[in-house]
There are 2 protein chains.
Amino acid sequence: MDFKLETFLPYRLNLAAELVSQRFAAQYRARYRMTRPEWRALAALGSYGRMTATEIGANSSMHKTKVSRAVRALEEKRWLKRSEDLDDRRIEHLELTPAGRRIYGEMVVLARDYERELAGLLGTGGLKQLEAGLAAIEAKLAAPARRRAPKD
Amino acid sequence: MDFKLETFLPYRLNLAAELVSQRFAAQYRARYRMTRPEWRALAALGSYGRMTATEIGANSSMHKTKVSRAVRALEEKRWLKRSEDLDDRRIEHLELTPAGRRIYGEMVVLARDYERELAGLLGTGGLKQLEAGLAAIEAKLAAPARRRAPKD
DNA sequence: AATGGACAGTTACATCTGCAACCACCTGAC
DNA sequence: GTCAGGTGGTTGCAGATGTAACTGTCCATT
């Protein structure tokens, strides 16, 4: 019985994710009073333009309730506006307002700065290895983006 | 502006951590009605024997309120017992009961099975790279286990 | 001995989260 | 046209979380 939590992959991954996310999250929390779901939705909309809530969820791996709440929060900040779909009235098209795009632009700068900082800390080797490992996980474990699965 | 969330390291790490943790967490949730903090505390106590709540927190990277609640939950399941320290009455020594050790033993088996499964999925290469990357993060970003820091 | 930190652990509160139920709407079979 | 089932999105609720404040205890200084 020499199991040790600190060598257990799920634990290490969670810890690493927390360590890496923490400082970046502190920035958008402090500067813009944004939560993580809001940042993800903003990032998705900022880089892909107009999307539906479901598409945001698929793109940023968020549960639809998280997306719903994040969208509402961004809307209340006047960074996002909804518009209806004339063919299918269940759908709402979402896109950033000019103010939202401005914030997005600022966040992208911060994100890039942080990526550079991480690259410096981890070294090119560490970073490359990490990315390769993450790619393996994404390839093998990610939900296969099912278009039509029986019921999972 | 070609920032993409799906290549952003903090996002990828969170996603990977979630993918990898999820299936394992489902096991202890379903089988033992355990939460993640409870599993971590159980694992810490199972592998190191008697510890204090603060030590559990340091070992498993949990906030002291999480530890407090996890300890209470494990105690209510009769998997853990507290005993007082005669020299310092602020401290409580925590250890698993026989029932707790049994559960721990079963969980270790599940954990090992899962590690093997992951190793198979990721391949030796992917796993080694991932571990190297995680080691880099832990080395560079982990809180330096400060014994006496000014105030952070 | 008294007093002012510092520390172990708990708890109140506000927030965040996921699940399940829900509403409105669409689509295909009849 | 109508009805059943599916889909986009929202919400009620119960559980989980972090922050800050709290209790009780220790210890160094006086």
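Reader: In what order do the strands of the open sheet in chain B come?
Author: In this predicted model, 3 strands of chain B make up an open sheet, and their order is β1-β3-β2. The pairing is antiparallel.

Reader: Which strands stand at the edges, and why is one side of each left without a neighbour?
Author: The edges are held by β1 (51-52) and β2 (80-84) of chain B. Each has a single partner strand, so one side of each has no neighbour in the sheet.

Reader: How many bridges join β1(B) and β3?
Author: There are 2 bridges between β1(B) and strand β3 of chain B, which covers residues 92-96, and the two pair in the antiparallel sense. Within β3(B), Leu94(B) is the bridge partner of Met51(B).

Reader: What lies across β2 and β3 of chain B?
Author: Helix α4 of chain B, residues 64-76, lies across them. Its direction is at about 115° to β2(B).

Reader: Turning to chain A, which residues does the UniProt annotation cover?
Author: According to the unreviewed UniProt entry, residues 6-139 of chain A carry the annotation "domain: HTH marR-type". In the model, that span of chain A is 75% helix and 9% strand. The C-alpha atoms at its ends lie 25 Å apart.

Reader: And what rotation superposes chain A on chain B?
Author: A rotation of 180° does so, with 0.0 Å of shift along its axis and an RMSD of 0.1 Å. This is the relation of a two-fold axis.

Reader: What share of the contact residues of chain A recur in chain B?
Author: The share is 100%, and the same surface serves both copies.

Methods
Residues are numbered from 1 along each chain as its sequence is written. Chains are lettered from A and ligands numbered from 1 in the order in which they are written. This is a predicted model: local features need pLDDT of at least 70, side-chain atom pairs count only at pLDDT 80 or more; totals for chains, interfaces and linings use all residues. Side-chain values use heavy atoms; hydrogens and water are left out. Two strands pair if DSSP finds at least two bridges between them. Helices (H or I, at least four residues) and strands (E, at least two) are DSSP runs, numbered from the N terminus. Contact means heavy atoms within 4.5 Å. Axes are lines fitted to C-alpha atoms, for helices over the stretch in contact, and angles run from 0 to 180 degrees between N-to-C directions. UniProt positions are given in the numbering used here, feature names are shortened, and annotations may be inferred rather than shown by experiment. Copies are superposed by least squares on the C-alpha atoms of residues with pLDDT of at least 70 in both.
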